[in-house]
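Okay, everyone, let's get going.

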Amino acid sequence: MASLNVGNLGEYLREQRRNAQLSLRQLADAAGVSNPYLSQIERGLRKPSAEVLQQVAKALRISAETLYVRAGILDEREREELETRAVILADPSINERQKSVLLQIYDSFRRENGFEPGPESGVAAGSETGDESGPDVGADAASKPSTPSRPSTPSTPSTPEKPSH
């Protein structure tokens, strides 16, 4: 007998497939799984592997982590952490070093609040680019006020200001 969680996954997949206006056969082809197997997943008769769920999520253009939670592979808190990391890593407005530092700060805040860093915490963007900022950057940045990297130059002559009375 199928567990309730797997049934919930199947109903969710069917709903997502219909929202994407795909037939069962079209989704099976796009995901690279067999039509009968996908049908069994939707009906709650089969529990797919994480790999199959990832392929289906990609074909539906939805979060694989959401499917992992629905399938009971990942808990909700882990999904939220993974999605937070994914958003940071995907942000085109910050560079790789900034992404790495931001993830390190995120980990230090999680540790401070009693949570262990997630499975992706060691894979910071800076480690791929040869950034040598070190593991303490996040902790230091989280506990110290922000300071400019170079001294600012005043726009007026550097004479002491007189208090106005």
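Let's start with helix α6, residues 76-90, and helix α7, residues 96-112: their axes come within 9 Å and cross at roughly 160°. Anything over 145 degrees counts as roughly antiparallel, so that's the label for α6 relative to α7. Bear in mind that this is a predicted model.

Which residues of α6 and α7 make the contact? On the α6 side, you've got Glu81, Thr84, Arg85, Ile88, Leu89 and Ala90. Across from them, α7 brings in Lys99, Leu102, Leu103, Tyr106, Asp107 and Arg110. Sort the residues of that contact by type and you get 6 nonpolar, 1 polar and 5 charged. And for those of you who care about handedness, α6 passes α7 in a right-handed crossing.

Okay, second pair. Helix α2, residues 24-31, packs with helix α4, residues 50-60, at an angle of about 115°, and the axes are 8 Å apart. The roughly perpendicular class runs from 65 to 115 degrees, so α2 and α4 are described as roughly perpendicular to each other. The handedness here is right-handed.

Who's doing the touching in this one? From α2 it's Leu27, Ala30 and Ala31, and from α4 it's Gln55, Val56, Ala59 and Leu60. The residues of this contact divide into 6 nonpolar, 1 polar and no charged.

Now, one residue I'd like you to find on screen: arginine 17, which lies in helix α1. Is arginine 17 buried or exposed? Its relative accessibility is 9%, and the cut-off for buried is under 20%, so arginine 17 counts as buried. What does it touch? Leaving aside residues up to four places away in sequence, arginine 17 touches Leu22, Ser23, Leu24, Leu27, Glu42 and Leu60.

Next, a bit of backbone. Glutamine 21 isn't a glycine, yet it has a positive phi of about 55°. Where is glutamine 21? In the loop between α1, residues 4-19, and α2. The relative accessible area of glutamine 21 is 71%, so we call it exposed.

There's another positive phi at arginine 61, also a residue other than glycine, with a value near 60°. Arginine 61 is in the loop between α4 and α5, and α5 covers residues 64-70. With a relative accessible area of 78%, arginine 61 is exposed.

Let me zoom out before we stop. How many helices and strands does the protein have? It has 9 helices and 0 strands, and from the N terminus on the elements simply run α-α-α-α-α-α-α-α-α. Of the 165 residues in the protein, 30% are buried. The exposed surface comes to about 11300 Å², with carbon and sulfur atoms supplying 50% of it.

Last number, then I'll sit down. Take the contacts between residues at least 6 apart in sequence: 55% of those join residues at least 24 apart. Okay, that's me done, over to you.

Key. Residues numbered from 1 in each chain as written. Predicted model: local features only at pLDDT ≥ 70, side-chain atom pairs only at ≥ 80, totals over all residues. Heavy atoms only, no water. Axes fitted to C-alpha atoms, helices over the stretch in contact; angles between N-to-C directions. Helix = DSSP H or I, 4+ residues; strand = E, 2+ residues; numbered from the N terminus. Parallel < 35°, antiparallel > 145°, perpendicular 65-115°, else oblique. Left-handed = near helix turned anticlockwise from the far one by under 90°. Contact = heavy atoms within 4.5 Å. Nonpolar A, V, L, I, M, F, W, Y, C, P; charged D, E, K, R; others polar. Buried < 20%, exposed > 50% of the residue type's maximum accessible area, 1.4 Å probe, protein only. Areas by Shrake-Rupley, 256 points an atom, 1.4 Å probe, with all protein chains shown as cover.
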